[in-house]
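Here are my notes on the model you asked me to look over.

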Amino acid sequence: MKNGSGVSQIRQPIIKPMVSSDLDSVVRIEEHSFHHPWTRDQFMDELERGPVSRCHVALMVDSEDDTAQNATSSNGPVVGFIMAWLVADELHITNIAVGLEARRRGVAAALLEHSIGETIELGAQWCQLEVRISNRPARELYGLFGFKTLGTRKRYYPDGEDAVVMGKDLTIRV
Ligand SMILES: CC(C)(COP(=O)(O)OP(=O)(O)OC[C@H]1O[C@@H](n2cnc3c(N)ncnc32)[C@H](O)[C@@H]1OP(=O)(O)O)[C@@H](O)C(=O)NCCC(=O)NCCS
């Protein structure tokens, strides 16, 4: 994209707490991403659960936009989200997805980095998640972030697929 002066602008993800007005976009991304998608009510339950539930969206904004840090979905489209629970010192990532049009542009990495970073500030020492054994993109992403495979959960998903359990020690800074 070019601004009025002809200078190229780079679109970049900005991470914000999820609000209910983001849910149309979030549910659309969810439905395009999973065979067994969460419902709108499930996302709403997470938004209403209180501080245990950490829900964020990624907006794509222009890097030269000096309002980027105050961005809302009126500044740029919601292109991804992350859902997590912080219970005591453990962060459990329950869901993450990026819209098809925004993949391989660092959006999921930005969401993970933000979620992990803010919960380390809140005292998190361990992060854990389950991922489908066949989900190579997600397993690559978590591997890049230093998650290690801890084991498998047989027939964890409704269609009978196994889950790989992955964890990361947040006290070890790389
Ligand atoms: C998995 C997913 C969230 C990744 O989102 P993304 O924004 O495209 O990921 P990023 O651009 O931040 O990728 C970061 C790194 O992850 C890895 N990665 C991401 N997508 C990949 C793919 N399709 N194949 C291989 N590696 C991949 C790469 O190492 C990548 O770095 P690189 O682009 O420099 O090579 C996205 O593919 C998605 O929404 N999938 C459907 C939902 C899903 O499976 N969620 C995970 C549930 S456990």
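1. The residues around the ligand split into 11 nonpolar, three polar and five charged. In this count Ala, Val, Leu, Ile, Met, Phe, Trp, Tyr, Cys and Pro are nonpolar, Asp, Glu, Lys and Arg are charged, and the others, Gly among them, are polar. The shell has 19 residues, and the closest are Arg 103, Ala 108, Ala 109, Pro 137 and Glu 140. H4 gives the most, with six residues.

2. Before going further, a word on what you're looking at. This is a predicted model, where local features need pLDDT of at least 70, side-chain atom pairs count only at pLDDT 80 or more, and totals for chains, interfaces and linings use all residues. Residues are numbered from 1 along each chain as its sequence is written. The pLDDT score is the predictor's confidence in each residue, from 0 to 100. The protein chain averages 90, and 86% of the residues score at least 70. The stretch to treat with care is residues 1-8, where pLDDT stays under 50. Where pLDDT is low, the predicted coordinates should not be read in detail.

3. Now the overall layout. The protein chain has four helices and seven strands, in the pattern β-α-α-β-β-β-α-β-α-β-β along the sequence. Both kinds of element are DSSP runs numbered from the N terminus: helices are H or I with at least four residues, strands are E with at least two. Among contacts in the chain with a separation of 6 or more, 60% are between residues 24 or more positions apart. A contact means that two C-beta atoms, placed from the backbone, lie within 7 Å.

4. Two strands pair if DSSP finds at least two bridges between them.

5. Strand S2 (residues 53-62) and strand S3 (residues 78-87) run antiparallel and are joined by seven bridges. Two of the bridge partners are Val 57 with Phe 81 and Ala 58 with Gly 80. On its other pairing, S3 runs antiparallel to S4 over eight bridges, one of which links Ala 84 to Ile 93. Two residues sit between the strands in the S3 and S4 hairpin, where Ala 88 has a positive phi near 55°.

6. Is S3 mostly covered or mostly open? Seven of its 10 residues are buried, so by this definition S3 is mostly covered. Buried means that 20 or more other C-beta atoms lie within 10 Å of a residue's own, exposed means 12 or fewer, and partly exposed is in between, with C-beta atoms placed from the backbone. Across the 174 residues of the protein chain, 27% count as buried.

7. On to the helices. Glu 31 is found in H1 and is partly exposed, because 14 other C-beta atoms lie within 10 Å. Its C-alpha atom is 9.9 Å from that of Ala 97, 66 residues apart along the chain.

8. Finally, two loop arginines to check. Arg 104 is in the loop between S4 and H3 and has a positive phi of about 60° although it is not a glycine. Arg 104 counts as exposed because it has 8 C-beta neighbours inside 10 Å. Arg 155, in the loop between S6 and S7, has a positive phi of about 50°. With 11 C-beta neighbours inside 10 Å, Arg 155 also counts as exposed.

Methods:
A residue is near a molecule or strand if its C-beta atom, placed from the backbone, lies within 6 Å of it.
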